Amino acid sequence: MNPSLASIGLLVYITGSSILAYLHPQSTLAFLLFEASLLLIYYSSARPGVKFMLGALVLLVLMPILGFINAYYLEISVEVGIYVALALGLNIVVGFVGLLNLGFVAFYAIGAYLWAIFGSPQANEFIAGGFFPLASYWFFVFLILSIAIGAATGVLLGLPVLRLRGDYLAVVTLGFAEVVRALVNNLDKPINLTNGPKGISPIEKPPLFFQPVLEFFGIQVTTAKLYPLYFYFLVLFLVLGIILVTRRLEDSRIGRAWKAIREDELAAAAMGIPVVRMKLFGFAVGASFASAVGVLFAAKQVFINPESFTFMESIGVLAMVIVGGMGSVPGAVLGATGVTILNLQLLKGLSLWLNSLRQSGAIVSIPFLGSYALSQIPAQLEPAKYERMVFGLILIVMMIFRPQGILPPRQDQRK
Amino acid sequence: MALLELRELSKRFGGLQALARVNLTVEDGMIASLIGPNGAGKTTLFNTLTGIYPPDEGEIQFRDRSLVGLKPDRITHAGISRTFQNIRLFSHMTVLENVLVGMHLHMHTGLAEILLRTKHSQAREKDARHKAMELIELTGLAGREGEWAHQLSYGEQRRLEVARALAAQPKLLLLDEPTAGMNTTEAQSLMTLFRQLLGPYVQAILLIEHNMRVVMGISHRVHVLDYGEKIAEGHPDEVRQDPRVIEAYLGHGVWAGNAQS
């Protein structure tokens, strides 16, 4: 399609869908149509500069405005962002280096607990002096620190484990994640480090350093309204940062070395690539992403406990990477977004819709079969509860019809 | 000057003596061939030489330096690179990327430079791409650089393996049956390429080959392995006449005698 025509079409669609979402702040459908605009921008034949501008318009202007009306939109966007960041991290390990990691959530947990312990009164339990919780600006220090600590744990786990291949590696990483979860579950005695299954709260939120600026311009916003917006931008910038880092690594000697190891380890070594070092590095990069996201997650949730870091969480992120297309950055983004929206919006929306049908008390007449009272729709029919089943079905369908994922890596980008 | 020198190199797999005290020298500026019946230990010799298997006994001297105990990537670093008998390309990477992987050890771009995308790192990347394209053209793959490696034809894949091995800028190039499965014309053009490589691209070539026409046409020196032992060595014409070589290939007896004439 003609690029100019595509740009105009996109602009019309974005305007239309955002007005629709603005007028119907409670409508899931309207918001989904609005979210789809990002996908359309990605796929359109508009010029790269135009795409960039439109993407910025949607992410930096329209989404915050819509979110200001309905904070739930921001909540979903933040959730999506967190999973996108996790999927991008796992994509490096699984998609680029080709190491099956079933315990990715462990690094996420390490980051989350890192801030949770020191950003709450919890650390007073084992460090005397009442320094804790640390002031909120320490959040940013810990965000940086978590990258280093995540990378270090990645290397520590990788050193003994990376001699294993394939299924063996998967089992050990799975075990590692369970060890981390068991540790945070049980490290409330003899010294109370993690407060065990009871979890940690309240966790300090990041500082509202820009509030004086807003007040200067005479903008009065309650902190309750401000925080969702704040987290939205934090997650957005974290994700953009991760995408930038991933892209640059991918097109460098390091990214090529990773992919070479994935394709044929022996041949990669014969081409002069230090296989173990490169694998460790990939492990560390993925772990550092997850760990940084963990810090953000802890700050957003205010309360965390070991339940947030189960095996199903690791599997969920892995499935996002597979659905999107292993080894592809747009794929990981799309997979994570699609799956999260499916869970949080589509299935819940369907459940709500079925509920409203039930309560409407309407009677539908079906030709030849008689009439059916909608209030008799069985209560078990609740799509939101079938999350995992729907998920499993999607994976099976994908494996049959498109095993390489929705957006597999494209060769024309790698020239 | 001897570029590569193997002394009393031995390798056992359980009860099988794959290499038995093999002595072999490759001189600078030489194309040497390694021939022998199937299972003679030719590929094992390559694998031991490139660090895939550690040798049980013996010494590998390359440019007056021992290679025993080094990992494969360090041996490539020292200046030996190879192709594989059963093609081992990076299938889901483009032709250009395959060649660029070969340049890994000559790029030296640090992590910080990559993340900041400094002018320096961009210049290196551009330079590497330029060199990679030269090698792609040299091996007759121009125009295919954007395709996945697995989309190439069999002969092209063999050529890409050579291009990838050359990208590591080796002093010594090891080729494991480079013309296997090719017709005479294809094999001949590949031989012409190998002769061109000697000098501007590599100092010496050691190749394993079954196609005798190729071996006799190109080699300065031929080494013959049989059951892990080196049974003959010399100029192609000498080796062709050697009764032990004939016996290894054809067995002994009346019929072998007939075949010789």
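Before I go on, some housekeeping. This is a predicted model, where local features need pLDDT of at least 70 and side-chain atom pairs count only at pLDDT 80 or more, while totals for chains, interfaces and linings use all residues. Residues are numbered from 1 along each chain as its sequence is written, and chains are lettered from A and ligands numbered from 1 in the order in which they are written.

Back to Asn70(A). Asn70(A) sits in the loop between α3 and α4 (71-96) of chain A; helices here are DSSP runs of H or I with at least four residues, strands are E runs with at least two, and both are numbered from the N terminus. Pro25(A) is 45 residues away from Asn70(A) in sequence, yet C-alpha to C-alpha the two are 6.1 Å apart.

Now the domains of chain A. There's domain 1 (1-69) and domain 2 (72-323), with bounds that come from an automatic or database domain assignment. Their C-alpha centres lie 30 Å apart. Across the boundary, 7 residues of domain 1 of chain A are in contact with 7 residues of domain 2 of chain A, contact being C-beta atoms, placed from the backbone, within 7 Å. Helix α3 (residues 48-69) of chain A gives the largest share of the domain 1 side, 6 residues. By class, that side has 6 nonpolar, 1 polar and no charged residues. For the classes, Ala, Val, Leu, Ile, Met, Phe, Trp, Tyr, Cys and Pro are nonpolar, Asp, Glu, Lys and Arg are charged, and the others, Gly among them, are polar.

What about the core? The largest nonpolar core has 177 residues, and Ala87(A), Trp115(A) and Val293(A) touch the most other members. A core here is a set of buried Ala, Val, Leu, Ile, Met, Phe, Trp, Tyr and Cys residues joined through C-beta atoms within 7 Å. Leaving out residues up to four places away in sequence, Trp115(A) touches Phe139(A), Phe142(A), Ile203(A), Val295(A), Ala298(A) and Ala299(A).

Over to the interface. Chain A puts 25 residues in contact with 33 residues of chain B. On the chain A side, α9 (223-250), α10 (253-263) and α11 (265-270) each give two or more residues, and α10(A) gives the most, with 7 residues. That side of chain A divides into 13 nonpolar, 3 polar and 9 charged residues.

Chain B, then. Its domain 1 comes in two pieces of sequence, 1-79 + 170-261, and domain 2 is 89-166. The C-alpha centres of these domains of chain B are 28 Å apart. Their contact takes 10 residues from domain 1 of chain B and 8 residues from domain 2 of chain B. On the domain 1 side, α2 (72-78) and α8 (184-197) of chain B each supply at least two residues.

Next, the strands. In chain B, an open sheet of 3 strands runs in the order β2-β1-β4, with antiparallel pairing; strands pair if DSSP finds at least two bridges between them. The edges are β2 (16-27) and β4 (57-62) of chain B, each pairing on one side only. Strand β1 (residues 2-13) of chain B is joined to β2(B) by 8 bridges, and Leu9(B) has Val22(B) as its bridge partner in β2(B). Helix α1 (residues 42-49) of chain B packs on this sheet, touching β1, β2 and β4 of chain B, and its direction makes about 70° with that of β2(B). Axes are lines fitted to C-alpha atoms, for helices over the stretch in contact, with angles from 0 to 180 degrees between N-to-C directions.

Last stop, a hairpin. β8(B) and β9(B) form it with 2 residues between them, and Tyr227(B) in the turn has a positive phi of about 45°. These strands, residues 221-226 and residues 229-234 of chain B, are antiparallel and joined by 5 bridges. Asp226(B) stands opposite Glu229(B), and Leu225(B) stands opposite Lys230(B). Strand β3 (residues 31-35) of chain B runs parallel to β8(B), with 4 bridges.

Notes:
Two residues are in contact if their C-beta atoms, placed from the backbone, lie within 7 Å. A residue is buried if 20 or more other C-beta atoms lie within 10 Å of its own, exposed if 12 or fewer, and partly exposed in between; C-beta atoms are placed from the backbone.
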